[in-house]
Amino acid sequence: MKVEVEYTAQLKVKTGVSADSYELDEGARVSDLIKAVAAQHDIAEFLPSSLLCFVGGTQADDDQSLSDGDSVTLLSPISGG
Amino acid sequence: MEPSKTTLTDGERATYEWQLDVPGFGEAGQQKLKDASVLVSRVGGLGSVVAYELAAAGVGRMVLAHAGDIKHSDLNRQLLMTHDALGTARVASAERRLLDLNPRLEIVKVPENVSEANAARLVGDVDIIVDCAPLFEERLAMNRAAVGQGKPLVECAMYELQAQITTVIPGETPCVACLHPEPPPAWQRRFPVFGAVSGTVGCLGAMEAIKVLSGLGEPLAGRMITMDMRHMSFHTLKLKRRGDCEVCGNPNAET
Ligand SMILES: [Zn+2]
């Protein structure tokens, strides 16, 4: 299945792209997607915990299952004032 | 919130005439702002604009917490700081500029940044907090105090041309520690910033505070707006409370 991933905040600057897409096995979960993203981009500094995942605009846990066509947003927290 | 100090004066009615016309706000809303006390944690790029908009809107009392003196590098975004005040206390410049706009405003200057040591005391003195601090340590200390005392907390933050904003309503919404229990290691104290970006988020943060205080509209409770001004893309994301959150510990939530 294919999912679209959009990056925000520092993650967007770090990956150098606004969005890309991933082919994942059926039954893949959020944690599998994050592994796939980490294989493609150097995002080690945001792992394991300072990265939030949203599927279809709703925050998702690592074990949430993904479906073909899901639109995923990955967000790194920012604190600039 | 304390009982009303005084009802609106004729001068206040004249000043706020155009916002009294806002449906759902009116004199009752204006009175709530007048009776309100708001803590702005740091009056830098974001907090300067938050404080200025709240002063303009007629908030009665503001506590401004920010350490240090004005530096050259503050002046691209910290709009309450002025060139002639370089080297003097940031909170003093902020007070002067806010009183120029609204001499009725009561200001408490706190020349300290928020920390675990002072957060509970500062939060105890106000009705709502707008958090504009550049360090997660400050935000987490503020969050702990606000959640502990049941005070709403508007969280505004920016980085480069991007921004995030949400409003924490203790007991109802996720708190800051639900989203990031520990300071993220990748965050750096010095961050790239244009004043127009921090100012945009500051206006949104002020609007959130006005809404929560006056009961107007729907605050960003449990929602986060993310924006990227490089591409002008804006999203609303739905946040999830963490069942095992150490701060807002929600025994009924799934873990
Ligand atoms: Zn929490």
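The model is predicted, with local features needing pLDDT of at least 70 and side-chain atom pairs counting only at pLDDT 80 or more, whereas totals for chains, interfaces and linings use all residues. Residues are numbered from 1 along each chain as its sequence is written, chains are lettered from A and ligands numbered from 1 in the order in which they are written, and side-chain values use heavy atoms, leaving out hydrogens and water.

**The interface**

Select first the residues in contact (heavy atoms within 4.5 Å): chain A contributes 24 residues and chain B 35 residues. The two chains bury about 2,400 Å² between them, 56% of it on carbon and sulfur atoms; buried area is the accessible area (1.4 Å probe) lost by two parts on being put together, summed over both. On the side of chain A, highlight A:I78, A:S79 and A:G81, which lose the most area to chain B and together make up 27% of what that side buries.

Next, display A:K12 and B:D228, a salt bridge whose closest N and O atoms are 2.3 Å apart. The rule (a side-chain nitrogen of Lys or Arg within 4 Å of a carboxyl oxygen of Asp or Glu) finds two salt bridges across this interface.

At least two residues of the side touching chain B come from each of β1 (2-8), α1 (9-15), β3 (52-55), β4 (58-60) and β5 (71-75) of chain A. The most come from α1(A), with four residues.

**The zinc site**

Centre the view on the zinc ion and select B:C175, B:C178, B:C245 and B:C248, whose SG atoms are its protein donors at 2.2 to 2.3 Å. Donors are N, O and S atoms within 2.8 Å of the metal (3.2 Å for Na, K and Ca); water is not among the atoms, so sites may look incomplete. The donor residues follow the spacing C-x2-C-x66-C-x2-C in sequence. Angles among the four donor atoms run from 94 to 123 degrees, and the site is tetrahedral (four donors with all angles between 85 and 135 degrees).

**A link within chain B**

Finally, select B:R104 and B:E12, a salt bridge with its closest N and O atoms 4.0 Å apart. This pair links distant parts of the chain, 92 residues apart: B:R104 lies in the loop between α5 (90-101) and β3 (106-110) of chain B, and B:E12 in helix α1 (residues 10-15) of chain B.

Terms used
Tetrahedral: all angles 85-135°; square planar, octahedral: opposite > 155°, others 65-115°.
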